[in-house]
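Grab the coordinates and work along.

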Amino acid sequence: MKRRMALPLGIVMLGLVSAYVAAFGPRVFTGPLAGALLAGFVLSAVLMIVGGLVDSIPVGDRTLSWNAVVGVGDVLLAAVVTLSAVRSALVDGDTASWVFAAAMLAGGTSMAWFGVQTARDSRHVDLEATPSSRRLVAIAALVAVSFGIGAFVATSV
């Protein structure tokens, strides 16, 4: 299931970066860090696309399987998103920015852990082509609870 989602996710990510750069032009590159973050986002998208298309890629003397490529893409995406939120908090300095940065740090840590587990082909992630119905119910429940918590926070804060 993870592999089927990697290709569309990578394509959407590239589309978002393209739209962002097309809409705002060279102003998006406000400094070296902004350029590095965009480059990291693009590299993560490319890794997702490659992992979704091929079974393995040769890198020097080694061969990396698709899950290693997608896992590295997940870790890179987590780092870029987290660093971007922390950068915004440092620039703005207000409480809301720091709360958002802390939330992104928690989410980014979770995403990075998931990426490492995907790269290792761990038992903690579902790399099967078709997930079990029990796993689908658990994923749906997790999405519902996450949405509910997000809606609660958005309406009460």
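For sorting residues, Ala, Val, Leu, Ile, Met, Phe, Trp, Tyr, Cys and Pro count as nonpolar, Asp, Glu, Lys and Arg as charged, and the others, Gly among them, as polar. The model is predicted, so to speak with cut-offs: local features need pLDDT of at least 70, side-chain atom pairs need 80 or more, and totals for chains, interfaces and linings use all residues. Numbering starts from 1 along each chain as its sequence is written, and side-chain values use heavy atoms, without hydrogens or water.

**Exercise 1.** Work out how α1 packs on α2.

*Solution.* 
1. Take the helices as DSSP runs (H or I, at least four residues), numbered from the N terminus.
2. With axes fitted to C-alpha atoms over the stretch in contact, and angles running from 0 to 180 degrees between N-to-C directions, α1 and α2 pack at about 150°, their axes 7 Å apart.
3. That makes the two helices, α1 and α2, roughly antiparallel (angles over 145 degrees count as such).
4. Now list who touches whom (heavy atoms within 4.5 Å): the contact includes L7, L14 and Y20 of α1, and F41, M48 and L53 of α2.
5. By class, the α1–α2 contact has 15 nonpolar, four polar and one charged residues.

**Exercise 2.** Find which helices line the second largest pocket.

*Solution.* 
1. Start with the helices: α1 (2–24), α2 (32–53) and α3 (66–92) each supply at least two lining residues.
2. α3 gives the largest share, five residues.
3. Sort the lining of this pocket: eleven nonpolar, three polar and two charged.

Methods: Parallel < 35°, antiparallel > 145°, perpendicular 65-115°, else oblique.
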